[in-house]
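Take a look at the chain below. This report walks through its core, its rings and the confidence behind them.

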Amino acid sequence: MSEYIIKHDILKSISDSIREHVASTDDMTALDIVDTINNLPDKVLEKVKNDTIKHIVFNNLTRIRARSFQNNKVLESAYCPNVRYIGQYAFYYTQKLKSAYFPLAETIGDNAFYYSNFTENCDFSNVTSIEDRAFYDGGFPSSKTHLSEIFPKLKTIGKNSFYEV
């Protein structure tokens, strides 16, 4: 298993040919984006995300845009200690996502974790707003018996946000 680190300046100017090369790297299983990047463009990891990335670490990222990891087939964990906003469909249908660490996230967009099932652990301790269907047909660790343990600051819940959880 290899871990690749992409610095902010490289990601900022990444070309399609470089992205294709990175996406074709067979042993890439973890992605750590460091430095001062504060958001990911929609579908920036389109090719990489579906086949090889099992763990992501975004130390300074403050925003995950819409559909960034939608339909990811292998992603198991997301460690994003400074993300404040998770866009709509950001982790939609990431069925293998077991662990998510978003302690500063305040808003979770529509369908952001639709069909995601957190079996190991999750931290959404600063979330105040959850939009429609955000956790539709998902799940949380059995050690958490009440949603107030997962979302202690929650004020706004959208329609069907926890349907079939």
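What follows is a short tour of a predicted model.

Residues are numbered from 1 along each chain as its sequence is written, and side-chain values use heavy atoms, with hydrogens and water left out. In this predicted model, local features need pLDDT of at least 70, side-chain atom pairs count only at pLDDT 80 or more, and totals for chains, interfaces and linings use all residues.

**Confidence.** pLDDT is the predictor's confidence in each residue, from 0 to 100. The chain averages 75, and 68% of the residues score at least 70. Helices (H or I, at least four residues) and strands (E, at least two) are DSSP runs, numbered from the N terminus. Over residues 1-30 the pLDDT is below 50. Residues 32-38 also stay under 50. Where pLDDT is low, the predicted coordinates should not be read in detail.

**The core.** A nonpolar core is a set of buried Ala, Val, Leu, Ile, Met, Phe, Trp, Tyr and Cys residues joined through side-chain atoms within 4.5 Å. Buried means under 20% relative accessible area, exposed over 50%, partly exposed in between (1.4 Å probe, protein chains only). The largest core here has 31 residues. Phe-102 and Phe-113 are among those with the most contacts inside it. A contact means heavy atoms within 4.5 Å. Leaving aside neighbours within four places in sequence, Phe-113 touches residues including Ile-86, Leu-97 and Tyr-136.

**The rings.** Rings of Phe, Tyr and Trp (its six-membered ring) pair if their centres lie within 6.5 Å; planes under 30 degrees apart count as stacked, over 60 as edge-to-face and the rest as tilted. The count comes to 28 aromatic pairs. Two of them are shown here.

| Pair | Centre to centre | Angle between planes | Type |
|---|---|---|---|
| Phe-102 and Phe-113 | 6.0 Å | 65° | edge-to-face |
| Phe-140 and Phe-162 | 6.3 Å | 50° | tilted |

Phe-102 and Phe-113 are 11 residues apart. Phe-102 is buried at 0% relative accessible area, and Phe-113 is buried at 0% too. Phe-140 lies in the loop between β11 (129-130) and α4 (147-150) and Phe-162 in the segment after β12 (156-157), so this pair ties together parts 22 residues apart in sequence. Both Phe-140 and Phe-162 are buried.
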